[in-house]
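I'd like to walk you through a structure, one piece at a time. Please have a look at the screen.

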Amino acid sequence: MSSRGRTLAVGGVLLAVVAAGLLAGFLALGNDDGSSGSTGTTPPNSPSATPTDARAQVEQAYLDAWDVWADALLQLDASRLPEAFTGRALQLITGQVEEQSQKNEPVQIRAEHNYRITILDAQTASVDDRYINHNVRLDPDTLEPIEEDPNRREHRSFTLKLVGGTWKIARIIEYG
Amino acid sequence: MEDRQNHRVRIAVGIVLGLALAGPPAHADNHEDPFTWPTDVVVETGTDAVVVEADAQGTIPGAGGSGGGSGCWLDPIGTIGQIFVDSFEEQLSNPDLFPFLLWCGEEMRGLVWLDMSAGDPVPALDPETIAMHIRDEIPVPSAEIRVNPDRGLVGVESWFWIEGYDGSPIEESTNALGQLVEVEARVTRYEWSFGDGVRIEARTPGRQYPDRSDIRHVYQRSSAGLPSGYSVEVTFAFDVRYRVDGGEWIELPGISRVAETSYPVRESQAVIQQ
């Protein structure tokens with residue numbers, strides 16, 4: 001093999017190694033689909049990842065519900081709440097959003113999660129979350145916070161039910 | 001630990017209807033409190049007691065009705081199908097946390113983790129306590145007070161009876177704690193108050209018109225001045241008993257429930273014509 005040929009061969013091997021490394025890196029990132037219980041409010045950006053087990057579905061539904069709640073309180077629009085909530089929880093949260101809407105007081109929702117997921121049966125799951133609450137009420141015109149970040153630990157237990165193939169928050173239990 | 005797992009948990013139950021009616025909690029109105037999730041169930045854990053406050057509304061779809069009961073209790077879980085602990089904090093990996101199912105009526109509302117490190121914060125729950133919870137939730141019988149004539153007349157006998165309830169025993173039960181606790185309330189007497197100060201006691205719900213009811217009263221004055229007429233009440237006095245897993249019946253303190261209606265009474269005056 002000529003010197004030029006060896007150079008090309010070595011370069012090709014190095015290129016393949018780099019490409020394989022990049023591919024492995026992407027795959028590793030793709031597998032990190034929120035299995036950690038310590039996350040921000042926003043779920044990881046893996047829209048193509050479809051959870052195949054109940055635990056992953058519950059986790060994604062739980063984090064999605066936070067987003068739906070956050071959007072509703074920021075936009076002061078309760079129309080999307082049924083996508084993520086059902087039963088008594090839907091009633092309570094709809095009432096909460098409507099009350100904020102009447103006061104024209106949007107809220108920015110942000111939390112640092114720390115949860116455990118329990119599958120109770122095929123249709124029922126529980127997420128016990130000791131999150132740090134960073135929610136703040138906003139000025140409706142500037143959308144600037146009108147209060148300080150509470151930065152306070154909260155403890156809630158969320159009961160999710162499988163309704164029509166979708167996990168939704170049905171009950172919220174507060175620890176006093 | 002086994003003892004703890006076998007414990008039945010007693011909780012004090014408060015009904016916070018205001019939460020249910022008002023929707024979001026009061027702190028949503030107060031900017032001094034952080035904005036957070038609205039809830040209808042609060043579990044207060046102390047050193048020697050667990051208190052659950054829950055509203056009486058709503059059920060989880062697919063979980064069945066509440067059965068008319070709003071009493072709540074915690075049921076320790078021996079085994080859970082799958083638990084996924086996602087925690088990097090010592091707090092959540094605490095081995096002293098034990099799971100309990102929270103039941104309200106016949107609805108399982110969710111899972112509660114209690115810290116048992118300081119000892120069992122909840123005394124054992126005995127069947128009598130469960131039965132008392134059920135007893136306290138027994139509703140007023142679905143019955144109406146009926147009267148003939150529809151509008152009373154001074155000096156004329158009015159016949160009263162109860163429609164929609166024949167005096168049959170009211171039965172409630174739960175098996176949420178792994179044992180069947182049945183409660184039976186049997187009406188023993190009906191205490192009538194006719195709104196004009198007269199009271200009588202009866203053993204039957206009366207007889208429907210056109211039969212002559214044994215619940216009869218003659219008003220001496222009209223109800224003029226009372227917007228809806230006399231307030232007629234009947235108090236159902238129940239003897240209550242319970243049994244566990246089909247065993248012997250055990251008496252509980254009795255209860256009473258009240259139904260009421262309004263009854264206008266007019267006065268008819270004779271007119272002498274020549």
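Chain A has three helices and seven strands. Here helices (H or I, at least four residues) and strands (E, at least two) are DSSP runs, numbered from the N terminus. Read from the N terminus, the order of elements in chain A is α-α-α-β-β-β-β-β-β-β. Chain B has three helices too, together with 17 strands.

A quick word on what you are looking at: this is a predicted model, in which local features need pLDDT of at least 70 and side-chain atom pairs count only at pLDDT 80 or more, while totals for chains, interfaces and linings use all residues. Residues are numbered from 1 along each chain as its sequence is written, and chains are lettered from A and ligands numbered from 1 in the order in which they are written.

Now, how much of each chain is buried? Of the 176 residues in chain A, 34% are buried, and in chain B the buried share is 32% of 274 residues. A residue is called buried if 20 or more other C-beta atoms lie within 10 Å of its own, exposed if 12 or fewer, and partly exposed in between, with C-beta atoms placed from the backbone.

Next, contacts. Two residues are in contact if their C-beta atoms, placed from the backbone, lie within 7 Å. In chain A, take the contacts between residues at least 6 apart in sequence: 52% of them join residues at least 24 apart. For chain B, residues 24 or more positions apart account for 67% of the contacts with a separation of 6 or more.

Let's turn to the strands. Strands of a sheet pair through backbone hydrogen bonds, either parallel or antiparallel. Two strands count as paired if DSSP finds at least two bridges between them.

In chain A, strand β4 (residues 124-133) and strand β6 (residues 152-163) run antiparallel and are joined by ten bridges. Look for A:Thr124, which stands opposite A:Lys161 in β6(A). β6(A) is also joined by eight bridges to strand β7 (residues 166-175) of chain A, again antiparallel. There, A:Leu162 has A:Trp167 in β7(A) as its bridge partner. The hairpin of β6(A) and β7(A) has two residues between the strands, and A:Gly164 takes a positive phi near 60 degrees in it.

Over in chain B, three strands make an open, antiparallel sheet in the order β4-β6-β7.

What about the nonpolar cores? A nonpolar core is a set of buried Ala, Val, Leu, Ile, Met, Phe, Trp, Tyr and Cys residues joined through C-beta atoms within 7 Å. The largest one has 54 residues, and those touching the most other members are A:Val58, A:Ala65, A:Leu160, A:Ile169, B:Leu102 and B:Val112. Helix α2 (residues 54-75) of chain A gives the largest share of this core, ten residues. Leaving out residues up to four places away in sequence, A:Ile169 touches several residues, including A:Ala65, A:Phe158 and A:Leu160. A second, separate core has 28 residues, among them B:Ala131 and B:Tyr263.

Finally, a few backbone details to find on your own screens. A:Asn104 has a positive phi near 50 degrees, though it is not a glycine. This residue lies in the loop between α3 (87-102) and β1 (107-108) of chain A. Is A:Asn104 buried or exposed? A:Asn104 is exposed, because 10 other C-beta atoms lie within 10 Å. A:Leu143, also not a glycine, has a positive phi of about 55 degrees, and its place is the loop between β5 (136-137) and β6 of chain A.

In chain B, a cis peptide bond joins B:Asn148 and B:Pro149, with omega about 0 degrees. Another cis peptide bond joins B:Tyr209 and B:Pro210, with omega about 20 degrees. B:Pro210 sits in the loop between β13 (199-202) and β14 (215-218) of chain B.
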